[in-house]
Amino acid sequence: MNGEKSQSITWKKRVIRSFIFPFLVLLIYGVLFAVMPEKAIAAFSSSERVLLNIIVPLGFVFILLVVFNIFLKPVNIIKFLGKESGIKGMVLSSAAGIVSVGPVYAWYPLLKELREKGAMNFLIAVFINSRAVKPFLLPVMISYFGLKYVIILTIFTIAGSFVAGYFTGALTKD
Amino acid sequence: MRIAISADGPNLESKVGQRFGTSKYFVIIDKETMAFESVPNPGASSLHGAGVEAIVLVVSKKVDTVLTGYCSPTAMNHLLNNGIEILTGVEGSISEVVEKYKKGELMENMGVEHKIESGSSEINRVVFIRSLKSSARQFVNILPTLSGVVLLIGMFNTLLSKELLSSVFSGNAAPDTLWGACFGSIFAGNPVNSYIIGGELLKYGISLFAVTAIIITWVTVGLVQMPAEMAALGRRFALVRNIVSFFIAIAISILTVTVLNFIIG
């Protein structure tokens with residue numbers, strides 16, 4: 001397979017890039033500590049409280065990730081998308097978006113290929129927007145906002161992804 | 001039992017293709033009857049994602065074994081996960097190789113990766129460990145940004161006054177939702193960060209309308225990744241989808257919170 005070398009390079013780049021943000025935050029902490037040490041300590045202990053709040057839900061997130069990885073293979077997700085059309089295609093692309101993991105840009109090359117093979121813009125937009133529903137992050141969401149809110153939001157998010165998909169399809173070349 | 005062999009040509013005299021992802025054909029042979037079909041590899045000409053197309057093809061043909069020269073670890077993982085056995089380092093013509101495989105000669109000297117048979121507990125353990133590893137990797141991937149966000153929120157909690165925040169978020173639902181949607185559109189990354197930020201903003205008395213708009217636009221509208229989306233799916237698609245999604249996010253926020261308030265009473 002070509003492009004393995006370049007893949008590992010972009011992976012390295014991504015790792016480095018992912019550390020820029022926390023590094024900058026630490027830098028600000030450093031500056032703050034130099035100017036107002038007591039504020040910096042207070043900020044740090046406040047962060048500790050935020051962390052304690054999310055640590056249990058994050059544990060559940062990890063368990064859900066493992067379950068997802070056992071039962072869902074990216075290859076199966078790809079097979080769902082674009083092949084069928086009509087109601088089945090809509091349901092499948094929405095489901096694929098919901099269960100897809102990883103950052104959205106990791107999916108762009110694949111989506112591009114699918115579209116070149118004839119997948120509709122409508123379904124691709126449904127896929128991207130359905131990604132706002134994150135089943136494995138639900139523990140965190142519920143701990144912050146409550147179950148009722150999460151259920152209602154999920155329903156409207158899925159419905160909204162179809163509306164967004166419809167307009168995107170209608171206003172582009174579909 | 002069906003064997004897929006990456007091949008340079010469509011018939012049994014062709015040489016085994018040396019790269020799984022980009023070889024020109026796949027010759028798929030029934031081991032018992034020797035009936036075969038050859039399928040052009042849709043990924044042969046593309047530089048990126050070629051492996052994916054080859055994997056999808058092989059999986060959809062319900063193949064049990066793949067014989068090839070070389071297969072990337074990623075592709076190999078996908079094949080193993082789909083219960084397909086892979087033998088790499090295979091050379092020669094298709095017919096030679098199949099004969100060798102039938103006699104069991106390939107097994108002895110090639111780098112064979114045994115397939116995972118579902119049902120056996122030994123194998124389920126392998127699947128479990130593999131999933132555990134990839135989950136750990138995904139989890140570790142979100143940690144740097146997550147810790148940055150947590151530290152930043154701690155700082156905001158300490159330094160930011162309610163007054164300052166309420167000068168942006170007025171408490172008036174309509175402009176607040178609009179602001180929330182703008183905020184979420186600029187930021188991107190793992191949505192768990194938007195939940196944490198949203199949850200903390202609620203404590204400052206910012207309306208749930210605004211927080212919901214942040215959560216939705218965080219994923220569905222992305223200014224940061226817009227160039228990448230344009231490059232992959234076209235300028236028009238990216239522009240239209242992001243603009244449409246922005247307004248729909250506002251609608252979702254209004255509907256969600258209204259319904260929630262109605263239910264809670």
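Q: How many salt bridges count between chain B and chain A?
A: In this predicted model, the count between chain B and chain A is 0 salt bridges, since such a bridge requires a side-chain nitrogen of Lys or Arg within 4 Å of a carboxyl oxygen of Asp or Glu. Polar contacts are counted separately, and there are 8 residue pairs of that kind between the chains, both partners being at pLDDT 80 or more.

Q: What makes up the side of chain B that touches chain A, in nonpolar, polar and charged residues?
A: The residues on that side divide into 43 nonpolar, 27 polar and 7 charged. H5(B) gives the most to it, with 23 residues, and among the other helices that each supply at least two residues are H8 (191-203) and H11 (235-264) of chain B.

Q: How many residues of chain B are in contact with chain A, and how much area do the two chains bury between them?
A: Contact is a matter of heavy atoms within 4.5 Å, and 77 residues of chain B are in contact with 72 residues of chain A. The two chains bury about 6700 Å² between them, 75% of it on carbon and sulfur atoms. In chain B, the residues that lose the most area to chain A are B:Leu151, B:Tyr195 and B:Leu233, together 10% of what that side buries.

Q: Why is B:Met34 called partly exposed?
A: The relative accessibility of B:Met34 is 26%, and the class runs between the limit for buried, under 20%, and the limit for exposed, over 50%, so B:Met34 counts as partly exposed. B:Met34 is placed in the loop between strand E2 (25-30) and strand E3 (36-40) of chain B, and, leaving aside neighbours within four places in sequence, B:Met34 is in contact with B:Ile29, B:Val98, B:Glu99 and B:Lys102.

Q: What makes helix H6 of chain A mostly covered?
A: Buried means under 20% relative accessible area, and 10 of the 10 residues of helix H6 (residues 121-130) of chain A are buried, among them A:Phe122, A:Ile124 and A:Phe127.

Q: Which residues have the most contacts inside the largest nonpolar core?
A: That core has 46 residues, and those with the most contacts inside it are A:Leu58, A:Phe145, A:Tyr149 and B:Ile215. Its largest share, 9 residues, comes from H9(B). Not counting residues up to four places away in sequence, B:Ile215 touches A:Met141, A:Phe145, A:Tyr149 and A:Leu153, and also B:Ser194 and B:Tyr195.

Conventions: Residues are numbered from 1 along each chain as its sequence is written. Chains are lettered from A and ligands numbered from 1 in the order in which they are written. This is a predicted model: local features need pLDDT of at least 70, side-chain atom pairs count only at pLDDT 80 or more; totals for chains, interfaces and linings use all residues. Side-chain values use heavy atoms; hydrogens and water are left out. Buried area is the accessible area (1.4 Å probe) that two parts lose on being put together, summed over both. A polar contact is a pair of N or O atoms within 3.5 Å; within protein, one must be able to donate a hydrogen and the other to accept it, and residues adjacent in sequence count only if both atoms are side-chain atoms. Helices (H or I, at least four residues) and strands (E, at least two) are DSSP runs, numbered from the N terminus. Ala, Val, Leu, Ile, Met, Phe, Trp, Tyr, Cys and Pro count as nonpolar, Asp, Glu, Lys and Arg as charged, and the others, Gly among them, as polar. Buried means under 20% relative accessible area, exposed over 50%, partly exposed in between (1.4 Å probe, protein chains only). A nonpolar core is a set of buried Ala, Val, Leu, Ile, Met, Phe, Trp, Tyr and Cys residues joined through side-chain atoms within 4.5 Å.
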